[in-house]
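Please keep the sequence and the structure in view while reading.

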Amino acid sequence: MANSLKREVLNNIGKVYKEAENCKLDEVYFELMDIELGLLADYFHITKTQALFVSVIFTMNYTGRKVDLNDLNHHFESNPMKLLEYSNDFIDLYEKRLLRKNKMKHRNLRLTCADEEFVINDIVANKILKNEPIPETLNIAEKFEDIFALLEKLYELGKQRDDEEISTEELFENTQNILRENILFPLIERVNFLGASIEEKHLFLYVVWKFLNGEDAWVERAFKGIYDRTSERFTQIQRVLSKEHNLIKKDWLEIEETRFFGDAKMKLTEKALDMLNECEIKLYNKEVNKDNIIIPEKIPFRELVFSDKELLQLDLLKRLLTEENLKITQERLTEKSLPKGITVLLHGAPGTGKTESVLQIAKVTNREIMKVDISQTKSMWFGESEKIIKRVFTGYKSYVKKCKQIPILFFNEADAIIGKRKEVGRSLVDQTENTIQNILLEEIENFEGILIATTNLANNLDAAFERRFLFKIEFQKPSIIAKSQIWKIKMPHLLIEDCELLASQFDFSGGQIDNILRKKEINEIIHGNKVDMKTLVEFCKEETLNNQFSKTPIGFKV
């Protein structure tokens, strides 16, 4: 039968465990269970005595217990010194990889096995439960179905090291076995050719796993999960912080600058990210939401009206962002060791055309827009906002590589994240907002693409952001002449004098005039009649909530 081997092994393990209770490890017990122990010894390729220990430890592990010498002594009801006579059997079981040992916390004993817990290796338990034989040479490394499961396993090994369940030596041995057994994964094949030691490979893959999970790779935390000796741990941390570590010198990892030892974080470099993409690990699928991508061909043309000063600044920006001019500009800036990123802040009152200007610039220069929803960056979960901001920029960098022309990273209504920073020592919410701004400042400082942000509250702009925006264009509320032109553009059927009267009586922005136009269109559809001047005036009165409007007559009785 399909499960005959599994049933036989488990039945024998159960009998050996049950009969071993209070057996005192006497010869009588071994004579009584000779057949069962013999069958298990053949299955595991070990001695009958070792088969006894494996059976008892397996059963205790199955009930959720980690087993130490006290547990075994209690089960056998034997003298502790009696069990020590079999210490060589335990050593042999370790070497054959049937058992793994965990260092017990809060024990500093140096006697053999006295400070250890015994655990059946997962691969052994899996072989039994899958009805498979145990090979004479047991390779404890698993073969994984995908690279993400492998990376998670390495991360879990690090947690076991951190919890002192395994030693640094065992961590590296397990890591080496896993990499050897899963060499067919492109990432593992590439990592093996980095020329790095097993310590460096494990660290690099740890940072990759943290990155995939959108988590920070703290230096101190990482090395605590690798080295069991404090002196070695701090030696390696110092190598990283001084940038003497091979992974940093070879440009696979970089360190975020920090004043404090405990705040240092490791990041994957652009070189590392490129390598992961080449290994078919799609890092940014979740980071670039297609709903937030605006294609220039789908942007409807709109004629905008601005003052001469605004037109001059916007025209310069349009000319700069043409492909030929941008390429020449960035090359020259790079030659002069100047930042080559183009960062723009459009500021002014609501409805003055800031957002529409970005759309029209993108259309004219044929650039896609990656729009950032600010409300999503201010997550309700503490700590998530910082990760979201980081993923915005890593996602943008990846998206740049997919586009023929550098796209525009667009932060619309960015008041919430570029306002003045809070005083230190206030609420956790304030601290989180400060952290978000610090991340944003760092990202803009090193930015190499095209970033445009809009804000209605330039007076609340943090001073640190001013320097980081190359262009700062202020949008004034339109003059009466400009508003009259807007009315005429949006409603060509109106007479010039009607446009001038509406412009002088109602202090509306272009966005508010759009609302009037929309209401006009809706009313004409519903009622089937053209909207006259008197009705337009009523729409204008309804537009302002406080109903404040000029009472100057406009030529007829309202």
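Q: A salt bridge is a side-chain nitrogen of Lys or Arg within 4 Å of a carboxyl oxygen of Asp or Glu; which residues are linked in a network of such bridges?
A: This is a predicted model, in which local features need pLDDT of at least 70 and side-chain atom pairs count only at pLDDT 80 or more, while totals for chains, interfaces and linings use all residues. Residues are numbered from 1 along each chain as its sequence is written, and side-chain values use heavy atoms, with hydrogens and water left out. Under the salt-bridge rule the count comes to 24, and the network links Arg302, Glu356, Lys490 and Asp514.

Q: How many helices and strands does the protein have?
A: Helices (H or I, at least four residues) and strands (E, at least two) are DSSP runs, numbered from the N terminus. Counted in this way, the protein has 28 helices and 11 strands.

Q: What percentage of the residues in the protein is buried?
A: A residue is called buried when its relative accessible area is under 20%, exposed when it is over 50%, and partly exposed in between (1.4 Å probe, protein chains only). The protein has 558 residues, and the buried share of them is 48%.

Q: Which residue in strand 10 is the bridge partner of Phe410?
A: Two strands pair if DSSP finds at least two bridges between them, and strand 9 and strand 10 pair in the parallel sense over 4 bridges. In strand 9 (residues 408-411), Ile408 and Phe410 point one way while Leu409 and Phe411 point the other way, and all are buried. On strand 8 (residues 369-372), which is parallel to strand 9 and joined to it by 4 bridges, Met370 stands opposite Leu409. In strand 10, the partner of Phe410 is Ile452.

Q: Which residue in strand 5 is the bridge partner of Ala217?
A: An open sheet of 3 strands has the order 3-5-4, with antiparallel pairing, and its edge strands, each pairing on one side only, are strand 3 (217-218) and strand 4 (253-256). Strand 3 and strand 5 (residues 265-268) run antiparallel and are joined by 2 bridges. Across this pairing, the partner of Ala217 is Met266.

Q: Where in the chain is Asp216, the residue that pairs with Lys265?
A: The side chains of Lys265 and Asp216 meet in a salt bridge with an N to O distance of 4.0 Å. This pair links distant parts of the chain, 49 residues apart, with Lys265 in strand 5 and Asp216 in the loop between helix 12 and strand 3. Lys265 counts as buried because its relative accessibility is 12%, whereas a value of 22% makes a partly exposed residue of Asp216.

Q: Is the ring pair of Tyr155 and Trp209 stacked, edge-to-face or tilted?
A: Rings of Phe, Tyr and Trp (its six-membered ring) pair if their centres lie within 6.5 Å, and planes under 30 degrees apart count as stacked, over 60 as edge-to-face and the rest as tilted. Tyr155 lies in helix 9 (residues 147-162) and Trp209 in helix 12 (residues 198-212), so the pair ties together parts that are 54 residues apart in sequence. Because the ring centres of Tyr155 and Trp209 are 6.4 Å apart and the planes stand at 40°, the pair is tilted.
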